[in-house]
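Reader: Hi! Could you walk me through how the chains in this assembly touch one another?
Author: Happy to, let's look at it together.

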Amino acid sequence: MIKPLGDRVVIKVLEGEMKTKSGIVLPDTAKEKPQEGEIIEVGTGKVLDNGQRVALDVKVGDKIIFSKYAGTEVKYEGQEYLIVSERDILAVVQ
Amino acid sequence: MIKPLGDRVVIKVLEGEMKTKSGIVLPDTAKEKPQEGEIIEVGTGKVLDNGQRVALDVKVGDKIIFSKYAGTEVKYEGQEYLIVSERDILAVVQ
Amino acid sequence: MIKPLGDRVVIKVLEGEMKTKSGIVLPDTAKEKPQEGEIIEVGTGKVLDNGQRVALDVKVGDKIIFSKYAGTEVKYEGQEYLIVSERDILAVVQ
Amino acid sequence: MIKPLGDRVVIKVLEGEMKTKSGIVLPDTAKEKPQEGEIIEVGTGKVLDNGQRVALDVKVGDKIIFSKYAGTEVKYEGQEYLIVSERDILAVVQ
Amino acid sequence: MIKPLGDRVVIKVLEGEMKTKSGIVLPDTAKEKPQEGEIIEVGTGKVLDNGQRVALDVKVGDKIIFSKYAGTEVKYEGQEYLIVSERDILAVVQ
Amino acid sequence: MIKPLGDRVVIKVLEGEMKTKSGIVLPDTAKEKPQEGEIIEVGTGKVLDNGQRVALDVKVGDKIIFSKYAGTEVKYEGQEYLIVSERDILAVVQ
Amino acid sequence: MIKPLGDRVVIKVLEGEMKTKSGIVLPDTAKEKPQEGEIIEVGTGKVLDNGQRVALDVKVGDKIIFSKYAGTEVKYEGQEYLIVSERDILAVVQ
């Protein structure tokens, strides 16, 4: 298992199939392009300046949209994942 | 449904028709150009350094003016939206 | 009505007539050039890190001097306005 | 009257005569060159992150030394002034 | 012994053998590439702005993934180590 | 008298004679070169974000080492001084 | 004596002999190269935003590893030293 630190999450990127289901496709523009993924693991949250730890707003299983160039790719037991910070998650698809 | 995170909102961009109604058009200058949109969804707000969550100043249905180059485009069930941070919203048209 | 968010204000720029009245004209130098305007609307203020909202130091009707390259131009019902942050307002002309 | 906002002051720049009186002249070096001025108006002070407003350390009538490239020039009723932030004031000449 | 300061850790980099065991290999992309390592020593934690010291989320013996270009290499008693800040640790492999 | 503001000090630069006495000379390297000086005046200290004013760690008469390119030169009653921020003071020579 | 200010320390750089004893040598890579030194003097610590002063984590006599390009060189009574900030100290060699 890959347990992300702080406000990071581990994502399984959804390249094609989910976009068909949810109907989210990216228009052809010069704007920052988002990507979709499913959250596999979440960190324990960020520690604020007052010492308080803030839990993440997302949970395992959430389908999310994140900034395309965010995150770090890892491969674990034959499956590729992406580790991204919660601040690079734009929205949850419900 | 696309539920934005933190201080972000989901906007339906108003290209032409609303500008005619509200009378807002952009002068031809080199200054930063705003755009108009209607808020479709709002996030749960930003968490301050003291752990307090601050609700957004805008709500679903608000017509807003936002910085032109702000935000990330997404397409959901055939409709294009923009996800922008509240700090890129300049004003509400009332 | 255009209601600015946070610490922003909506300004009607005063190009020529007020400068004659108040006697404020800009010397011909390479320094940052200010501009004058009248405040039409004010935001509800900025939220501090402790969650407290701070009302603006300016009010509707104030004649102000602001940094020339600050703000975003909008046109509303045939009138041009500028939306600027309070931190770009240098002074109030009384 | 020009009332500066926040931690700003309005200064009447002292080009030549005061330098002779106080004996302050600038050596011919590549270092940042200061200038002298007299404070005409002071702002109500900066608001800290805890909401507290801090009064300025300078007052009307103070002769000050400030960073040469700081501030914004304005002309009011035939007299040129400079609006500078208190953080660009280096010292008071007593 | 090398005792790191603050939020730093001392890592023994795992170049090849662990990747085989855990099955983590890096795909061939232009994204930021992570590396794996085992934590040998941890610092006493970072001091927050309120004076509170926050212990690290990782402990000696943890297998971690960290940003490839992070850290400083040292050689101690014939063994090479890397000193990295906890904020450059992406995840713990469990 | 030149009274510096905030965390600034007024320094009389010690070019040659003190270096001989204290034995501090600069090696011929590409690193940042320090300079020595004697403190003539100190400011009332910096105001923290909680509104508390912190007195300086140096006092009038201290011989100090400061970063070479720090500060602003002024000449007052025939004597050259330097106004530097306390954060550019590296050490006190005792 | 050279008494460093704030979170700075005075270091005697250990060029060759200590590396042999402790066995720390630098591999030939493009990564940031550390250096070793012995702490001769420590500052009284950094003042936090709440006014609290935080003592340093290192003490006189500590053998430390620090970032190679950190610090300012001084020569005092025939001996060369380096003044570095504690945040540029990576670890203590025990």
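Author: What follows is a chat about two chain interfaces and the contacts in them. This is a predicted model, where local features need pLDDT of at least 70, side-chain atom pairs count only at pLDDT 80 or more, and totals for chains, interfaces and linings use all residues. Residues are numbered from 1 along each chain as its sequence is written, chains are lettered from A and ligands numbered from 1 in the order in which they are written, and side-chain values use heavy atoms, with hydrogens and water left out.

Reader: Good to know. How many residues of chain D are in contact with chain F?
Author: On the chain D side there are 27 residues, in contact with 28 residues of chain F. Contact here means heavy atoms within 4.5 Å.

Reader: And what area is buried between chain D and chain F?
Author: About 2100 Å², with carbon and sulfur atoms giving 53% of that. Buried area is the accessible area (1.4 Å probe) that two parts lose on being put together, summed over both.

Reader: Which residues form a salt bridge there?
Author: The rule finds one salt bridge across the interface of chain D and chain F. F:R53 pairs with D:D57, and the closest N and O atoms are 2.8 Å apart. The rule asks for a side-chain nitrogen of Lys or Arg within 4 Å of a carboxyl oxygen of Asp or Glu.

Reader: How many residue pairs are in polar contact between chain D and chain F?
Author: Seven, with both residues at pLDDT 80 or more. A polar contact is a pair of N or O atoms within 3.5 Å; within protein, one must be able to donate a hydrogen and the other to accept it, and residues adjacent in sequence count only if both atoms are side-chain atoms.

Reader: Which strand gives the most to the side of chain D that touches chain F?
Author: That is strand β9 (residues 89-93) of chain D, with five residues. Strands (E, at least two residues) and helices (H or I, at least four) are DSSP runs, numbered from the N terminus. The residues on that side of chain D divide into 14 nonpolar, six polar and seven charged. Ala, Val, Leu, Ile, Met, Phe, Trp, Tyr, Cys and Pro count as nonpolar, Asp, Glu, Lys and Arg as charged, and the others, Gly among them, as polar.

Reader: Switching over, what about chain E and chain A?
Author: There, 27 residues of chain E are in contact with 28 of chain A, and the two chains bury about 2100 Å² between them, 53% of it on carbon and sulfur atoms. In β9(E), E:V93 is the bridge partner of A:I2, and β9(E) pairs with strand β1 (residues 2-4) of chain A in the antiparallel sense over three bridges.

Reader: Where does the salt bridge between E:D57 and A:R53 sit?
Author: The closest N and O atoms of E:D57 and A:R53 are 2.8 Å apart. E:D57 is in the loop between β5 (53-54) and β6 (63-67) of chain E, while A:R53 is in strand β5 (residues 53-54) of chain A.

Reader: How many salt bridges over all chains?
Author: The count comes to 32.

Definitions and conventions: Pairing = 2+ DSSP bridges.
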